[in-house]
Amino acid sequence: MIPGFHDMTPAEKSKLRLQLALKAAAAADERIKDQIKESQFGGASTVEDQMKFSSAVKDIESSSFVPTSFKSNRSVGFEPNL
């Protein structure tokens with residue numbers, strides 16, 4: 001797939017393979033970082049959404065939290081439908 005690859009010395013081939021592997025690893029690392037960033041705060045994309053999510057988590061973790069039934073609808077936000 002790489003022009004002239006078959007004409008390269010073994011050392012050149014190894015160097016090229018290593019460079020390609022490093023590029024692939026860097027790209028995979030960026031994708032993982034993006035996934036982690038998206039998964040933090042429940043996928044909230046704005047600061048306001050992140051604050052709502054953080055507040056909801058804080059409320060749930062408080063000792064005064066009482067579980068209730070609700071229907072989840074991510075397009076509406078983090079507010080329970082009572």
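A salt bridge is a side-chain nitrogen of Lys or Arg within 4 Å of a carboxyl oxygen of Asp or Glu. By this rule the chain has three salt bridges. The model is predicted: local features need pLDDT of at least 70, side-chain atom pairs count only at pLDDT 80 or more, and totals for chains, interfaces and linings use all residues. Residues are numbered from 1 along each chain as its sequence is written, and side-chain values use heavy atoms, with hydrogens and water left out.

**Overall structure**
- The chain has two helices and zero strands, taken as DSSP runs numbered from the N terminus (helices: H or I, at least four residues; strands: E, at least two).
- Of the 82 residues, 5% are buried; buried means under 20% relative accessible area, exposed over 50%, and partly exposed in between (1.4 Å probe, protein chains only).

- Lys52 and Glu48 form a salt bridge at 3.7 Å, N to O.
- Both residues lie in helix H2 (residues 47-61), four residues apart, about one turn of the helix.
- Lys52 is partly exposed at 34% relative accessible area, whereas Glu48 counts as exposed at 52%.

- Salt bridges link Asp29, Glu30 and Lys33 in a network.
- Lys33 meets Asp29 at 3.4 Å, N to O, and Glu30 at 4.0 Å, N to O.
- Lys33 is partly exposed, with a relative accessible area of 44%; Asp29, at 35%, is also partly exposed.
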